[in-house]
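Here's a quick tour to follow with the model open beside you. Take it one topic at a time and find each residue as you go.

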Amino acid sequence: MSAQAEPREFVELGDLNTLHVPAVARYYQEVADAEALQAALGWAEAKGLPVQILGGGSNLVFDGDFPGLVVRIAVRGRSWEQAAQQAATLVLGAGENWHEAVLYAAGAGYRGIENLALIPGTAGAAPVQNIGAYGVELCDTLESLTALDRRSGELVTLTNADCRFAYRDSLFKQNPGLYVILEVRLRLARDKPLALGYGDLEAYLGQVEPAELTAMAVAEAVMAIRRRKLPDPEMIPNAGSFFKNPVVPAAQFDELQASHPDIVGYPQSEGVKLAAAWLIDRCGWKGYRNARVGVHNRQALVLINHSGGSGRDILALAATIRDSVRDQFGVVLEMEPGIVR
């Protein structure tokens, strides 16, 4: 790496993660293109340092300082490709703000990602988690993406099928650190049917006829619902939903329903998806606070860092909640955020 591109040393990461937990990177580098990324990774490899890729910092927990190189992906750019009369492909640099990209697409009249408005993070991080909300997942529109394969050091194009998407899962979560996403391509359409069947969204829109709605109107509805239910990370540090909704066999759900008639479940091909928020709430955690961290009082899935808690404080609370749900319901919750050590 050139002298001008040398990584910074001992960089505080508290403002670079939405939980605002304190952590220090031994080395830190922002990269704006593939060449800079390759150089940064080569520099770290030469020094034998571990590497942590960072996007918007909205889906991870730093469990203390990081002893290697933190690389923040700052690849920007928004453009349209393969534009036809009704459809077009939105190309996003991995460092683009996801929510702003949603509004950009909706403002242009293209449908497909409007239900994913106000999800924090960057476009490059979206495929990792296969982000989803209000009946829509990223995999519904992702056409392909460009990533750096760290095994070969080469850029590769991965199709939707290559990404092995599942509920809050992907090739990138199954092989952490193997690929670094640099660009995503989303196929959107002006005539795509709006996804309006999710309960909260359906209730909010009331009797409005689907034909009267635009992508922007749906995005605005989603934003209003999220703001009513979820804390703004800028005001109350959090990482969004902290646990996945668990899927249990139908027989186990029937047993749970016999003891808890009001349990919330959604039939799936592989079983029944339970509402993790309901499980946590029934265990008495909703609104809980200790001296540093707690559980949001309107959404039990959201852990908050209200008074300068550490990553260890957050993880300790998460473990206690997980144990509580397991002991009461026999269901093991899985955390959504990644843990950086």
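Two strands count as paired if DSSP finds at least two bridges between them. What you're looking at is a predicted model, where local features need pLDDT of at least 70 and side-chain atom pairs count only at pLDDT 80 or more, while totals for chains, interfaces and linings use all residues. Residues are numbered from 1 along each chain as its sequence is written, and side-chain values use heavy atoms, with hydrogens and water left out.

**Hairpins**

- Start with strand 15 (residues 265-268) and strand 16 (residues 271-274), which run antiparallel and are joined by 4 bridges.
- The hairpin between strand 15 and strand 16 goes through 2 residues.
- Now try strand 10 (residues 142-149) and strand 11 (residues 154-159), an antiparallel pair with 6 bridges.
- Here S144 sits opposite T159 in strand 11.
- The hairpin of strand 10 and strand 11 has 4 residues between the strands, and G153 in it takes a positive phi near 75 degrees.

- Most residues other than glycine have a negative phi, and most peptide bonds are trans.
- R164 has a phi near 50 degrees, a positive value in a residue other than glycine.
- You'll find R164 in the loop between strand 11 and helix 4 (171-174).
- R168 also has a positive phi near 50 degrees, and it isn't a glycine either.
- R168 is in the loop between strand 11 and helix 4 too.
- Buried or exposed? Here the cut-offs are under 20% relative accessible area for buried, over 50% for exposed, and partly exposed in between (1.4 Å probe, protein chains only).
- R164 counts as partly exposed because its relative accessibility is 46%, while R168 counts as buried at 13%.

**Salt bridges**

- A salt bridge here is a side-chain nitrogen of Lys or Arg within 4 Å of a carboxyl oxygen of Asp or Glu.
- How many salt bridges does this rule give? The count comes to 16.
- One of them joins D63 and R341, whose closest N and O atoms are 3.0 Å apart.
- D63 lies in the loop between strand 4 (60-62) and strand 5 (66-73) and R341 in the segment after strand 19 (338-340), so this pair ties together parts that are 278 residues apart in sequence.
- D63 is buried, with 12% relative accessibility, whereas R341 is exposed at 59%.
- D63 and R341 also belong to a network of salt bridges that includes R312.
- Another salt bridge links D149 and R151, with 3.0 Å between the closest N and O atoms.
- D149 is buried, its relative accessible area being 8%, but R151 is exposed at 58%.
- K229 pairs with D200 in a salt bridge, and their closest N and O atoms are 2.7 Å apart.
- That pair links distant parts of the chain, with K229 in helix 6 (residues 215-229) and D200 in helix 5 (residues 199-205), 29 residues apart.
- K229 is partly exposed at 27% relative accessibility, and D200 is partly exposed at 29%.

**A negative patch**

- Which residues form the negative surface patch? They're E12, D15, D65, D232 and E234.
- Patches are made of residues with over 30% relative accessible area and no salt bridge, with like charges joined within 9 Å and nonpolar side chains (Val, Leu, Ile, Met, Phe, Trp, Tyr) within 5 Å.
- D15 is in the loop between strand 1 (8-12) and strand 2 (24-31).
- With a relative accessible area of 73%, D15 is exposed.

**Distances to check**

- G14 is found in the loop between strand 1 and strand 2, and it's buried, with a relative accessible area of 10%.
- G14 and G265 are 251 residues apart in sequence and 37 Å apart in space, C-alpha to C-alpha.
- R226 is in helix 6 and counts as buried at 14% relative accessibility.
- R226 and G64 are 162 residues apart in sequence, and their C-alpha atoms are 30 Å apart in space.

Technical notes
Areas by Shrake-Rupley, 256 points an atom, 1.4 Å probe, with all protein chains shown as cover. Lys, Arg positive; Asp, Glu negative; His and termini not counted. Charge placed at Lys NZ, Arg CZ, Asp CG, Glu CD.
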